[in-house]
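This briefing sets out selected features of the structure shown below. The points are grouped by topic, from the overall fold to individual residues.

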Amino acid sequence: MEVREKAKIVITVASLVAVTVLFVAEYRRRHRKKQTSSSLSSCYLHSELKSQFGFKRVFADNSYSGFKHLKLDDSSSSLEKSSNGHPYENEITVLLENPKIEFGFLRGEYSLELSDSYVWVETELQLQELAEILAKERVFAVDTEQHSLRSFLGFTALIQISTHEKDFLVDTIALHDVMSILRPVFSDPNICKVFHGADNDVLWLQRDFHIYVVNMFDTAKACEVLSKPQRSLAYLLETVCGVATNKLLQREDWRQRPLSKEMVQYARTDAHYLLYIADSLTAELKQLATEDSSSPNDRFHFLLEASRRSNMTCLQLYMKETEDFPGSAAASSIIYRHLNGHGDNSTVYLNAEELVRKLCAWRDLMARIHDESTRYVLSDQAIVALACKQPTTTEEIYDTIAHTDLATESSPSSSSSVQSPYPVICSHLDDIYEMILEKLAKLDDILPVVLTKCLGTNGTCPISVFNYSLLVNFKTKLSGHSAPKQNGHRNFKQQFTRKASRELFVKKFSCKAPVYHNCRIYANDGRLLCYCDKRKLEWYLNRGLAKLVEENPPAIMLLFEPKGRPEDEGNDFYIQTKRNICVGCGEGKHYLRYRIIPSCYRVHFPEHLKSHRSHDIVLLCVDCHEVAHAAAERYKKKIATEFGIPLFVRRVLDSKEAQGTSSLVEDESTGNSEDAGVSPLHLRSAAMALLRHGNRMPSSRREELLQTVKMYYGGRDISEEDLEKALLIGLSPHERRKLERKKGVSVKHSAEVAGMDKQEDANNFESLDEKNDGEAPTDSEKIMNVERSTVADDSGDGTSEGDGATELNDTQCNGNMLHQQNSKLSLLGHGPHGKQIVEYLLREHGEDGVRDFCQRWRKVFVDAVHPRHLPGGWNVSHSGRRDFGEFSVYNPTKRLSTE
Ligand code: AMP
Ligand code: ZN
Ligand code: MN
């Protein structure tokens, strides 16, 4: 007994010693490494050759300048094309209108099995031969693998191409600079390219090789149209071909050469079966058409739809993400996720926040300089730890990073032997040290200092095709007045007033925090149901309807069987992560919610047709917002004419009528129903300007404003009293009292935004940074829509009509209020019009009428903005059919309180 006890103790002590020795050894090893590298202050890249450093030319480098797309020198068509648009837009549009459908993806004998041989393509000659073979095919299958950990933007490491006869693996690292050889076959509209889930592949091919796909059949889109229970390739391989695949291999390091046997097998599998799958799905699509339709014309309906959706993917354009300041998006996200909650105004907190911003800027820049992913430079957790702990020596910094990453075990390179801190940190530890000790005190100093230190004349780091234009671009960025922008359509030589008001607008009304939190809800069988915001998670958790299964970002699992799954609906839109960028141009530094279906209609929809709000609320930057809004306003007018239901309300002649009552009157004199009236906000800003500056403004200007007010009073002459009354139009009694109390002050006081003082603003506008992602319901469908328009300026000089002084035109549109108090004007001038339209649609065409109406609006939006960043699965014909489950937060009886 005793001996055993002793033995136990000895063993325990011995193991402890061993562990300690190992730990100390490891610690020393790391310390040595760090000390040598930082004391030499030499960059790890001098001794590490990364495979992309063999590329002679890259289309997407790590500078801040936008991506330039291929320009075809076909002078006839380039005239109409936008400067940096899709070079094959015309060809793809033709395909969308007249699809070329492949009726057999296979011909003659075909063996489903993978043969023993495949072709490894690694020389230019081999690539040329491949191009010749492909040019003779009617169809071939494609898949790509990219590498992203050790690259800032990622690069295509392998392309798998399978024809009816053979599998080709193209070494796109060795052939990077000559890949243009494959351009013609990919853009040939007579050759159908079969992909599975092509969204990324299409963009990667553009980014790395200026290869554009024209004529595609995407088997994932076919699944979508067929409402398959799953859409993954693994599912298709299993159900259609009886082949099992290990999708974990997709995360392998695809740069490695030679590829392992398993990787070759995996890569071939991803492309080899696609022709067979496409063939089988096409047959199903045709079958579905015959079962489903009475008319023979519909026979190919579903096939056409799958083809159309596939080719829509081809229209996507690769873009580099833009930020107003390097790393700012990541910084905001980290601050929001990790520092909020403790967010007081203490110096400690403010210092931590400032340090997060600096570290993110530094990380972004270092990643660009070294062509590494930001996560390979420094993890988010390590940034948080550094910001909170604020270590004071290089050793402490090193240990903080090492311990944090060890503890969170989210090592990005689990397969590789390299451990955190990664080489960038090890060889540039001094920079972090200086940042924390505030030698690099200001955020703005980081960029020039770091760039000069790394890439300047005596810089520490090697120059590469990826970073050489960083310095050049950065200098122009500093001397120019604004950051280079992604889109050519933005004109930065706009007048200062316009710029200033735009900035004011952005500051006041853009979303202050990421809109999409990307929290997840899983079903009780572990299937992902949707992404949503935190509030929705809390709603379920607080009611004991779900349990928390992951912390960061949080995920819950429902404890009950949800009614309906996203995939049942034939739309996986709700299980997409949504990015916090403008869906139009990709702008990431600010965004506003935009409601594709104007609120004046939507509030009157039957409840169950409103439930899919997240589909029809998108994020837009102010520029795209303006475009979308202008198009929507034009279209409203069209609707007004088409249905003969005027847009505006108008007060009838007699000024002695009770204040605030109004009626809809068609302007019979012009017959122009949409012009017959004035919106309450226009009326108020005109009245405000006249009262304040009326006698100082040029007569032409005064006359113009008077016309606006007269329109409301039915054309009669107006008195000062009328003007005062006009100020009150559209306000609730409460707001009216408030304004009256303040009037003496506010009317004389210069207002920030035409016609409205700040206080009123706060009353009438919904702040857009509400912690609501547009999916979580608000209590009474109190939808408000920020619309933007250029209105009369009230500066009184009268010279700058339409100078773009920004005003938010409108807009409280409270459905309940409209229902209950029909006689009162809503601030949203189009409220009664919307109500009448929706009533008409429901009466004449039922709910389908409303659905068609929604589709029209989505089309208006798409035509106006040409959005390039809509979440996958978003489409114009979205049905919005979905039942409420018993516990659904959308269930009208289970409405969430907004508080
Ligand atoms: P696949 O569409 O499966 O052929 O994947 C193509 C490429 O996408 C892979 O080479 C990876 O670079 C990337 N990828 C896809 N899924 C993942 C994942 N779950 N994790 C990391 N990378 C992925
Ligand atoms: Zn370096
Ligand atoms: Mn693949």
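## Overall architecture

The secondary structure of the protein amounts to 33 helices and 14 strands. The model is predicted. Of the 899 residues in the protein, 54% are buried. Among contacts between residues at least 6 apart in sequence, 72% join residues at least 24 apart.

- Distant parts of the chain are linked by the pair D143 and D270: D143 belongs to strand β2 (residues 139-147) and D270 to helix α9 (residues 261-272), 127 residues apart.
- D143 has a relative accessible area of 11% and is therefore buried, the cut-off being under 20%.
- D270 is likewise classed as buried, because its relative accessible area is 3%.

**Helix α9**

- Helix α9 is mostly covered, with nine of its 12 residues buried.
- The buried residues of α9 are M263, V264, Y266, A267, R268, T269, D270, A271 and H272.
- The 12 residues of α9 should span 16 Å at 1.5 Å a residue, and this agrees with the 16 Å between its end C-alpha atoms.

**Helix α16**

- The buried residues of α16 are T394, I397, Y398, D399, T400, I401, A402, T404 and D405.

**Packing of α12 with α13**

- Helix α12 (residues 328-339) and helix α13 (residues 347-370) have axes that come within 9 Å and cross at roughly 145°.
- The crossing of α12 and α13 is right-handed.
- On the α12 side, A330, A331, S332, I334, I335 and L339 take part; they meet Y349, A352, E353, V356, R357, C360 and R363 of α13.
- By class, this contact of α12 with α13 has nine nonpolar, one polar and three charged residues.

**Packing of α26 with α33**

- Helix α26 (residues 622-643) packs with helix α33 (residues 831-865) at an angle of about 145°, and their axes are 10 Å apart.
- The crossing of α26 and α33 is right-handed.
- From α26, the contact is made by C624, V627, A628, A631, A632, Y635, K636, I639, A640, E642 and F643.
- From α33, the contact is made by H833, I837, Y840, L841, F853, R856, W857, V860, F861, A864 and V865.
- The residues of the contact of α26 with α33 comprise 18 nonpolar, one polar and three charged.

- K221 is placed in helix α7 (residues 219-226).
- Because its relative accessibility is 11%, K221 counts as buried.
- Leaving aside residues up to four places away in sequence, K221 touches A306, R309, S310 and T313.
- T282 is placed in helix α10 (residues 274-292).
- T282 has a relative accessibility of 1% and so counts as buried.
- The C-alpha atom of T282 is separated by 8.2 Å from that of G104, although these residues are 178 apart along the chain.

**Backbone features**

- The peptide bond from R257 to P258 is cis, with omega near -10°; P258 is in the loop between α8 (233-241) and α9.
- S420 and P421 are also joined by a cis peptide bond, with omega about -5°; P421 is in the loop between α16 and α17 (423-427).
- H210 is not a glycine, yet its phi is positive, at about 55°.
- H210 is found in the loop between α6 (199-209) and β6 (216-218), and its relative accessible area of 7% is why H210 is buried.
- H866, a residue other than glycine, has a positive phi near 50° and lies in the segment after α33.

Technical notes: Residues numbered from 1 in each chain as written. Chains lettered and ligands numbered in written order. Predicted model: local features only at pLDDT ≥ 70, side-chain atom pairs only at ≥ 80, totals over all residues. Heavy atoms only, no water. Axes fitted to C-alpha atoms, helices over the stretch in contact; angles between N-to-C directions. Helix = DSSP H or I, 4+ residues; strand = E, 2+ residues; numbered from the N terminus. Left-handed = near helix turned anticlockwise from the far one by under 90°. Contact = heavy atoms within 4.5 Å. Nonpolar A, V, L, I, M, F, W, Y, C, P; charged D, E, K, R; others polar. Buried < 20%, exposed > 50% of the residue type's maximum accessible area, 1.4 Å probe, protein only. Expected span 1.5 Å × (residues − 1).
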